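Please examine the structure shown here with attention to helix packing and backbone geometry.

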Amino acid sequence: MKKHLILFSVVLLSFAIYSCKNKDSFTISGTLTNPGSLKKIFLLKTDSAGVGVIDSTNLSDQGKFEFKNKTPYAGFFKIRVGGSMFDLIAKNGDDITFSTDVTDKTATYQISGSDESEKMKEVNKVSNFYGEKTSKIAAEFQEKAQALGKESDSLIAIYKPMFVKSMDEYNMAVLKFANENKTSLAGFYAANQVDSIKCESQLIAYADAIKPYFKDNPMVQRFIQYKMSLAPVTLGHKAPDFTVAGIDGKPIKLSDYKGKYVMLDFWASWCVPCRHENPNVVKQYAIYKPLGLNILGISLDQDKTAWKKAIDDDKLTWSHASDLKNFEGPTERLFHIEAIPSNFIIDPQGIIVAKNITGADLEEFLNKTFSKSQQIVKIK
């Protein structure tokens, strides 16, 4: 009987401790080893408005600190220790413990009391692995380029595919984590680390999948809303029709190209990357125009004279049009153009089959597409 009373007392004590836990705020208690001259650290919050300091505290003589704060929903926070940032997720009721060695150049840290924050460490581990991998590739490239005295085309041809492969592997690894953790904010954190252009379709699918969750988090809701707004102009969707003024003032419609392959090429005379890409587009157009490729250049210029001069200087012999309204033109807004060069390749059925491909990627896509088209013609 005495044993039962003792056990009952322990259970009651545990319950009392749990009940006394403040669910209206969260606490971060920490210890910094080897803080040196560091006296103060900061707590920052990340939300749809950006990143900002919300609290600060002085270190004790033993390198200890504590933050106590409130949040209306589970959210993202950062602890700034000198020049290092440490990410975590906190919600009211959390009692988080954090520790790190300030002299550790790898910024390794320990965290407990927040399962979500521990999951974030998994994402950061993947990021660090591929970050080191790509850094080694870049360092090796630079070393060999210095030995040659230049960044030769042959050297670029060797190392660029290695770099691209590493980045693609990173994107896939992080996307895998995000999709396996759809109900976790750590998954959302992962989704925001990937290449938003290359992984656009996957991110739209992810945004659609997390709609039932995080309804109280404005940052997540803004992400979902934005990604879903891109869906109508992503791969596999029928391109929306539009009318835009041609360089001669006559209207041009996307529907004018019904039954044909057409590339919508958004660019501008003042866009340096666009002008660098133009020779490649000229080359591909010369090869694939006889096989059925059409291009409609849509300029974001506001100065018609500069636009015409760039067309002549770069020898762009395809059709051209513009709203002459920079990024605010109706065509640009319809296709969510936020950076240039940007392009969309639309097949004869009006479906977007490629998006934002340049350089060797554009060449490879056109080669595959028109080789396949020629094979179909021969079979018929």
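The questions below concern helix pairs and individual backbone features.

This is a predicted model, in which local features need pLDDT of at least 70 and side-chain atom pairs count only at pLDDT 80 or more, while totals for chains, interfaces and linings use all residues. Residues are numbered from 1 along each chain as its sequence is written, and side-chain values use heavy atoms, with hydrogens and water left out.

Q: How are α7 and α8 oriented to each other?
A: Helices here are DSSP runs (H or I, at least four residues) and strands are E runs of at least two, numbered from the N terminus. The axes of α7 (residues 272–288) and α8 (residues 304–314) come within 10 Å and cross at roughly 50°. Axes are lines fitted to C-alpha atoms, for helices over the stretch in contact, and angles run from 0 to 180 degrees between N-to-C directions. Angles under 35 degrees count as roughly parallel, over 145 as roughly antiparallel, 65 to 115 as roughly perpendicular and the rest as oblique, so α7 and α8 are oblique to each other.

Q: Which residues of α8 make the contact with α7?
A: Contact means heavy atoms within 4.5 Å. On the α7 side, the contact is made by R275, N278 and V282. The α8 side contributes A310, D313 and D314.

Q: What is the orientation of α2 relative to α3?
A: The axes of α2 (residues 115–148) and α3 (residues 153–180) come within 10 Å and cross at roughly 180°. This angle therefore makes α2, relative to α3, roughly antiparallel.

Q: How many nonpolar residues are in the contact of α2 with α3?
A: Ala, Val, Leu, Ile, Met, Phe, Trp, Tyr, Cys and Pro count as nonpolar, Asp, Glu, Lys and Arg as charged, and the others, Gly among them, as polar. By these classes, the contact of α2 with α3 has six charged residues, three polar ones and 17 nonpolar.

Q: Which residue is joined to I340 by a cis peptide bond?
A: The bond has an omega of about 5°.

Q: Is L324 buried, partly exposed or exposed?
A: L324 is in the loop between β13 (319–322) and α9, and has a positive phi of about 55° although it is not a glycine. Buried means under 20% relative accessible area, exposed over 50% and partly exposed in between (1.4 Å probe, protein chains only). At 30% relative accessibility, L324 therefore counts as partly exposed.
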